[in-house]
Amino acid sequence: MENVTLFQDNQTVGNWTEPSIEYKVVSTVLVLVICGIGIVGNIMVVLVVLTTKHMRTPTNCYLVSLAVADLMVLTAAGLPNITDSIYGSWVYGYAGCLCITYLQYLGINASSCSITAFTIERYIAICHPIKAQFLCTLSRAKKIIVVVWAFTSFYCVMWFYLSDTKDIHYADVTVVTCAYKVSRNLYLPIYFLDFAIFYVVPLTLATILYGLIARILFLNPIPADPKEKNKKWKNESSHDNTIFNSKSSSRCSSSTASSRRQVTKMLAVVVILFALLWMPYRTLVVVNSFLTQAYLDTWFVLFCRICIYLNSAINPIIYNAMSQKFRAAFKKLCKCQQPHSEKPATYSMALNYSVIKDMSNGESPDHFTTELDDMTVTAEFLPSKKLSFDDTCLSSKVTFSKA
């Protein structure tokens with residue numbers, strides 16, 4: 001019953017009946033479509049992060065780990081389900097039973113740990129930004145991912161000793177199943193330990209941490225009136241620089257807060273879907289653990305399977321829908337972007353700039369500063385200019401000088 005692929009219970013194999021034609025068609029089509037989309041999408045997530053330099057962030061490293069785990073679930077649990085639906089019997093032999101069961105649980109547990117890891121990373125990055133400077137780094141994220149996979153790989157070794165194939169003989173047919181060696185009474189403590197570590201604890205932790213994150217991002221006090229800030233700045237510096245710094249700081253902090261909210265919303269959606277889509281299967285197993293005769297309605301079991309596969313397939317769609325960076329990177333990977341025109345790129349920004357004339361002709365220096373609400377810099381109009389940036393969140397200074 002607890003096996004993701006077969007949902008086989010050692011005490012109920014005697015009730016086996018051959019799947020109907022309708023069940024075979026519906027299950028095969030649904031699993032093929034969902035797993036096909038999921039496999040392609042998760043491969044794209046991995047390729048996008050590995051091949052795009054600006055996408056290599058700590059959070060995206062955890063998303064790569066999650067994508068690999070989801071790929072493992074889709075290939076080890078989803079694809080074998082197709083042959084199970086068609087033939088109604090296990091066709092991969094004893095070695096296949098051991099390896100596929102191991103990979104199923106490895107993918108499930110690694111995905112849960114990856115979700116927990118990026119939840120903690122988001123909490124530190126938003127609620128403890130000073131600590132995040134040395135805790136939320138790319139190198140540390142890679143080390144944590146290695147630890148996650150090492151732990152789950154070692155933890156799941158037990159399934160090599162718990163899984164086995166069994167031949168069920170009927171009047172005119174022999175059905176091979178991939179089930180468990182131990183009885184239900186011995187297996188249930190192992191399952192509930194797995195259930196607590198990789199489902200209850202991650203979701204409880206995520207609920208607490210995202211609540212704290214929401215308090216910082218969405219429930220923080222309304223900032224002071226910008227006009228009052230401007231007046232205070234005017235008393236300390238010149239009028240022009242004060243207006244520029246105030247606007248620059250306001251725009252930068254607003255952009256940063258908006259970006260953080262968007263990333264946090266996306267990751268929260270991933271966690272919520274993980275909880276909802278795994279709930280039918282987890283609930284079914286918990287209920288059956290206390291029943292003498294397990295409830296194994298064929299169509300409801302198929303529904304539980306589909307929810308699991310959807311959970312592993314839907315994450316790339318969420319990234320594409322909620323992250324502009326992922327969406328652009330996906331388009332670039334698919335070569336769906338329109339070819340770049342020969343017209344030079346145009347950049348619009350609010351800035352304070354200085355123009356310094358060449359002094360080699362003996363003229364007196366002509367230095368001035370001015371404030372521009374919106375300035376457009378086009379490369380074709382500045383073929384011989386040198387452009388240097390002093391780019392910070394508080395101010396942005398651009399200096400133009402003739403070559």
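I count a residue as buried under 20% relative accessible area, exposed over 50%, and partly exposed in between (1.4 Å probe, protein chains only). On that scale, buried residues make up 42% of the 403 residues in the protein chain.

**Ground rules.** I am working with a predicted model, where local features need pLDDT of at least 70, side-chain atom pairs count only at pLDDT 80 or more, and totals for chains, interfaces and linings use all residues. Residues are numbered from 1 along each chain as its sequence is written, and side-chain values use heavy atoms, with hydrogens and water left out.

**Confidence.** I looked up pLDDT, the predictor's confidence in each residue, from 0 to 100. The chain mean is 76, and 69% of residues reach 70 or more. I then went through the elements, taken as DSSP runs numbered from the N terminus: helices (H or I, at least four residues) and strands (E, at least two). The chain has 11 helices and six strands.

For contacts I used heavy atoms within 4.5 Å. Residues 1-14 have 67 contacts beyond four places in sequence. Residues 221-229 have one such contact. Where pLDDT is low, the predicted coordinates should not be read in detail.

**Salt bridges.** My rule was a side-chain nitrogen of Lys or Arg within 4 Å of a carboxyl oxygen of Asp or Glu. I get two. In one, Asp84 pairs with Arg305, the closest N and O atoms being 3.3 Å apart. Asp84 lies in helix H2 (residues 58-87) and Arg305 in helix H10, so the bridge ties together parts 221 residues apart in sequence. Asp84 is buried at 14% relative accessibility, and Arg305 is buried at 3%. I also found Arg122 bridged to Glu121, with the closest N and O atoms 3.3 Å apart. Both Arg122 and Glu121 are buried.

**Aromatic pairs.** I paired rings of Phe, Tyr and Trp (its six-membered ring) with centres within 6.5 Å; planes under 30 degrees apart count as stacked, over 60 as edge-to-face and the rest as tilted. The whole structure holds 18 pairs. Tyr199 and Phe274 are tilted, at 6.0 Å centre to centre and 45° between the planes. Tyr199 sits in helix H7 (residues 184-217) and Phe274 in helix H9 (residues 239-288), 75 residues apart. Tyr199 and Phe274 are both buried.

I checked Phe326 and Phe330 next. Their centres are 5.8 Å apart and their planes at 45°, so this pair is tilted. They are four residues apart in helix H11 (residues 324-333), about one helical turn. Phe326 is buried at 2% relative accessibility, and Phe330 is buried at 6%. I also noted a cluster linked by ring pairs: Tyr191, Phe192, Phe195, Tyr199, Phe274 and Phe290.

**Surface.** I took accessible areas from the Shrake-Rupley method with a 1.4 Å probe; for residues, only the protein chains shown count as cover. The chain exposes about 21900 Å², of which carbon and sulfur atoms supply 64%. Patches are made of residues with over 30% relative accessible area and no salt bridge, joining like charges within 9 Å and nonpolar side chains (Val, Leu, Ile, Met, Phe, Trp, Tyr) within 5 Å. Ile21, Val25, Val29, Val33, Ile37 and Ile317 form a nonpolar patch of about 540 Å² together. Helix H1 (residues 21-51) gives the most, five residues. Ile317 is in helix H10 (residues 298-322) and is partly exposed at 47% relative accessibility.
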